[in-house]
Amino acid sequence: MDLKQSQHIGLIGLGVMGRNLAGNILSKGYQLQTYELNTELRQAFTNSYPDASCHSSLNGLVESLAKPRSIFLLIKAGQPVDEVIETLIPLLDKDDNIIDLGNSYYKDTDRRCEHTAASSIRFVGCGISGGAEGAKNGPALMPGGDHSCYSLLKPFFSEISASYQDEPCVTWTGSGGAGHFVKMVHNGIEYADMQLIAESYQLMRDGLSMEAREIGEVFDQWNKGPGESYLVKATTQILKAREADGTPLIDRILDKAGQKGTGGWATEAALQFGVATTLITEAVFARVVSSQKETRKHYQTLFPRKTTLKPEQENAVLENMETAFYTAKVINYAQGFMLMEEASKQRGWNLDLKAVARGWRAGCIIRGKLLDEIVAAYQGSIQFSLLDAPGFLDQVSKGHAPLREIIRFSLDTELPLPCYASALAFFDGMRQENGPASMIQAQRDYFGAHTFERNDRDRGQFFHADWQTLSTN
């Protein structure tokens with residue numbers, strides 16, 4: 001079916017993302033019907049796109065569309081999505097489609113797929129990344145849910161998405177909430193990427209007393225190496241921005257970070273599926289700490305920072321930091337892909353991780369050179385994680401020593417590096433064949449008779465000890 005021949009496409013929600021995506025769709029030659037409850041947003045859209053239709057009622061939107069209708073939602077996640085779906089279902093016909101492009105929780109998408117299917121309505125939960133710029137010029141798309149709906153819309157998705165070397169950045173992920181799960185992990189990786197950059201910035205600003213311009217030059221150099229990425233490039237531009245009086249704008253921004261919940265969801269999923277996404281988790285908690293501005297101000301007066309910096313350390317820090325940053329970044333991505341792999345196994349999604357990496361190479365916030373390396377890694381054999389791939393194996397082998405030096409410097413300067421430190425702790429923990437968990441199992445058996453396995457018996461056999469008797473022998 002050629003979706004350009006008739007008015008099959010509807011869009012609900014004309015906020016920043018919706019308005020920009022609508023412009024993208026119209027620029028590709030599609031006829032578009034839209035709906036927006038807010039009068040001002042509706043008027044702003046019609047002023048910008050006088051040839052497009054914007055309805056003030058959902059009934060009017062549905063009646064304007066030819067069958068099979070495909071209605072895209074770009075509205076606030078949560079209850080608003082459920083409310084719109086409940087209103088749409090009685091208005092739609094069999095094999096019409098609802099596509100949720102918001103940052104919905106993947107379990108909500110599971111539920112909505114089942115709920116709409118009961119009325120023979122096809123539902124897709126599609127992760128979208130790239131912000132307003134991506135929505136306008138081409139985002140990365142991660143659809144999941146009803147495959148027949150995806151098959152119908154595949155040419156449409158391919159046209160409106162970003163492309164990398166002429167390949168559309170669209171990745172089919174699997175049934176149910178798979179698309180929103182992949183987008184959630186993407187956002188978690190993004191949280192940790194941003195935190196690593198922020199920690200590097202603080203280390204240079206407060207540890208090395210560098211000014212914004214100097215720090216920007218360092219990031220600019222990093223962006224010419226293996227750590228090249230959209231976020232590093234953005235950081236260089238941020239550090240160049242000046243107020244009218246010449247003050248770097250970054251110096252006047254309150255150090256209190258917001259969040260919309262996707263990083264926390266990724267952490268929750270990691271606990272559910274039993275995967276150690278330590279950098280994502282630390283990044284989420286770092287934002288929580290940042291939000292406690294008054295508390296931090298109070299404790300700074302009680303525990304003023306002291307440093308034991310040695311002059312000879314400064315040059316060594318800058319020499320080590322780029323390698324340390326990239327090594328921590330590699331570990332962050334390895335953890336994120338481990339989470340997707342385990343969730344795919346448990347949920348039966350058959351997720352193609354190479355395709356996920358391909359789809360993130362343009363349009364999305366975490367795009368960068370590392371994703372090319374990940375695509376190449378998945379073309380070979382990987383036994384346990386990305387850290388097995390030759391390129392990444394070499395990186396962490398040579399990179400963990402500089403990572404240790406950066407963390408030593410942070411201890412000397414009393415500056416927190418939660419993501420850097422957790423990357424190293426994960427690396428060290430994963431290469432300990434004989435770790436300390438035997439003590440935890442002994443304790444659990446001691447106070448709760450939870451049993452334990454023995455290293456001199458076959459796996460799967462569980463034992464309980466009479467600790468009181470054994471300790472008196």
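Predicted model: local features only at pLDDT ≥ 70, side-chain atom pairs only at ≥ 80, totals over all residues.

User: Which strands pair with β4, and in what sense?

Analyst: Start with the general idea. Strands of a sheet pair through backbone hydrogen bonds, either parallel or antiparallel. Now the case here. Strand β1 (residues 9-12) pairs with β4 in the parallel sense, over four bridges. Strand β5 (residues 97-100) also pairs with β4 in the parallel sense, again over four bridges. I9 stands opposite S70, and N97 is the bridge partner of S70 in β5.

User: In what order do the strands of the whole sheet run?

Analyst: The order is β3-β2-β1-β4-β5-β6-β7. These seven strands form an open sheet with mixed pairing. The edges are β3 (53-55) and β7 (140-145), each pairing on one side only. On average, neighbouring strands are turned by 25 degrees against each other, direction ignored.

User: Where can I see an antiparallel pair?

Analyst: Look at β6 (residues 122-129) and β7. They run antiparallel and are joined by six bridges.

User: Next, a side chain. Is R112 buried or exposed, and where does it sit?

Analyst: For burial, compare the relative accessibility with the cut-off: under 20% is buried. R112 has 1% relative accessibility, so it counts as buried. It lies in helix α5 (residues 106-117).

User: What does the side chain of R112 find there?

Analyst: A polar atom of the R112 side chain lies 3.1 Å from the backbone oxygen of G78. Beyond its sequence neighbours within four places, R112 is in contact with G78, V81, D82, I85, D100, S104 and F123.

User: How does T109 compare as a second case in α5?

Analyst: T109 is found in helix α5. Its relative accessibility is 0%, so T109 counts as buried. Not counting residues up to four places away in sequence, T109 touches S104, F123, G125, G176, G177 and H180.

User: On to helix packing. How are α8 and α11 arranged?

Analyst: Read the angle and the axis distance together. Helix α8 (residues 178-207) packs on helix α11 (residues 262-273) at about 110 degrees, with axes 8 Å apart. The two are therefore roughly perpendicular to each other. From α8 come F181, M184, N187, G188 and Y191; from α11 come T262, G263, W265, A266, A269 and F273. Those residues divide into seven nonpolar, four polar and no charged.

User: And α8 against α18?

Analyst: Helix α18 covers residues 418-430, and it packs with α8 at about 115 degrees, axes 8 Å apart. These two are therefore roughly perpendicular as well. A192, Q195, L196, E199 and S200 in α8 meet P418, C419 and Y420 in α18. This contact has five nonpolar residues, two polar and one charged.

User: Last, the backbone. Which peptide bond is cis?

Analyst: The bond from K67 to P68 is cis, with omega near -10 degrees. P68 sits in the loop between α3 (58-63) and β4.

User: Which residues other than glycine have positive phi?

Analyst: S209 is one of them, with phi near 55 degrees. S209 is in the loop between α8 and α9 (212-222). At 62% relative accessibility, it counts as exposed. E414 also has phi near 55 degrees. E414 lies in the loop between α17 (390-413) and α18. With 45% relative accessibility, E414 counts as partly exposed.

Note on methods: Residues numbered from 1 in each chain as written. Heavy atoms only, no water. Buried < 20%, exposed > 50% of the residue type's maximum accessible area, 1.4 Å probe, protein only. Polar contact = N/O pair within 3.5 Å; in protein donor to acceptor, adjacent residues only side chain to side chain. Contact = heavy atoms within 4.5 Å. Axes fitted to C-alpha atoms, helices over the stretch in contact; angles between N-to-C directions. Parallel < 35°, antiparallel > 145°, perpendicular 65-115°, else oblique. Nonpolar A, V, L, I, M, F, W, Y, C, P; charged D, E, K, R; others polar. Pairing = 2+ DSSP bridges.
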